[in-house]
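Me: Could you take a close look at one strand for me, and then walk me through what surrounds it?

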Amino acid sequence: MHLAVGTSPEEAAANLLEPKRPGLHPSLKNAQGMPVMAAPVDDVDTDAVAEALRAIVQEQHQGQDFDRLFGEEQLRAVALLEPVVEQLLMLESEVVAGLTPPGGEPAPSLSGRRSDAVAPAKSRLRTLLLVAESWPQPARQILGDWLLGKAESLGLPADRIAVEVVPIDGASQGWSLIDQIGRRYHGEVTPDRYLLLACASQLGETSIETLEASQRLLGSGRPEGLVPGEGAAGLWLSGPPEPGRDASPEALELHVLQRGHVAAGTSSRNATRQSSELMSKALACAARSPDTVAAVVSDADHRPSRAIEIASAIAVVCPELDPIAQSLNLGVACGHLGAVAPWAVLAVAAAQARSADAPVLAVGLSDGEARAAIAVTPIPPPSTTPADRSDDQAA
């Protein structure tokens, strides 16, 4: 990941214990000329990605207006994405080559089959890159070509990687993709892996104007407004180990996603009830008890409604958890992450599950009325693995 709280899930988790809250942006202003609250990532250099994208336009997409397609927000998003892409594509290249990653330190992903994974001969890497719905179709196509170029530069065969740039209008669509992928792994045996990526930046005049026009920007008299944020995150997922092979000791399992909605304008009590029910169901699907949970990671932000909801839900489902040290809320420090939120929450949850060797709950509640919860757990050693784990998928 590449967020305001860090460039790895471990760093993000450490910084979320005492999160630095967003402040006033030095240049972005609302319609009244007042500075707005924002959560920028420091030292974002867009020059290199702008040069690379411009070259693709000149070579493959002549006739397109680069400056119209890639404004400051798009360039910042791609610049934040670049190191995430490179790290996870390097992991994939090692899997394809059947090599052991150098250094011994695993990449921050949900996969536990790093050190001994070898990609089957006919397998593919299915790559889904989530961007905001406002990205023009030509820009999405150029971004896909840029991503394929990154893969080719690492020697990944073009016929073994499929890339799709997916425009979405909210985090709930990202959670639904996790559900679809899980069902696919449950319904068929496939050696294919998934590379799930997302990038976003709302730190530009266009996003500020859009948020303000829809009355969704934090401001005077609007405590439930959003704080514009930016970032990138990625996950590398695989299905269960091949027959006759055990999962790596570092493997993590992504269980069945639980999804729900709260009615618009509902009370905090009803919202808490919905979230706590989803969290309880997520634990039940993982066959774990609440007292084994090491942490809850969510995309809750500064909004009083979300802060009350996640704190109350944790108190109901996991009353033994420390509400500060074991409740990590990305949005408090990173603002509104849009498409990036689901992958970022899952990445931090995975890091926490691995370090604690215990279950962690990942919760999504920042996107309107949509709610989601999923358990991330270490995989038990083969001798203690339940005989029937058919409702789950390894990840």
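Reply: Happy to! Strands (E, at least two residues) and helices (H or I, at least four) are DSSP runs, numbered from the N terminus.

A word on the source: this is a predicted model, in which local features need pLDDT of at least 70 and side-chain atom pairs count only at pLDDT 80 or more, while totals for chains, interfaces and linings use all residues. Residues are numbered from 1 along each chain as its sequence is written, and side-chain values use heavy atoms, leaving out hydrogens and water.

Now for the neighbours of β5. Strands count as paired if DSSP finds at least two bridges between them. Strand β3 (residues 125-132) runs parallel to β5 and is joined to it by 6 bridges; T127 stands opposite L195 of β5. Strand β6 (residues 230-237) runs antiparallel to β5, with 8 bridges between them. There, A198 has A233 of β6 as its bridge partner.

The term covers a side-chain nitrogen of Lys or Arg within 4 Å of a carboxyl oxygen of Asp or Glu. D192 and R126 meet in this way, at 2.9 Å from N to O. The pair links distant parts of the chain: D192 sits in the loop between α6 (171-187) and β5, R126 belongs to strand β3, and 66 residues separate them. D192 is buried, with a relative accessible area of 6%, whereas R126 is partly exposed at 23%.

This pair can be set beside others, as the structure holds 10 salt bridges. One of them joins D67 and R54, whose closest N and O atoms are 3.4 Å apart. D67 is in helix α3 (residues 66-69) and R54 in helix α2, 13 residues apart. With 54% relative accessibility D67 counts as exposed, and R54 is partly exposed at 34%. R303 and D301 also form a salt bridge, with their closest N and O atoms 3.0 Å apart. In that pair R303 counts as buried at 6% relative accessibility, and D301 is buried at 4%. Finally, E82, E86 and K150 are linked in a network of salt bridges.

Note on methods. Buried means under 20% relative accessible area, exposed over 50%, partly exposed in between (1.4 Å probe, protein chains only).
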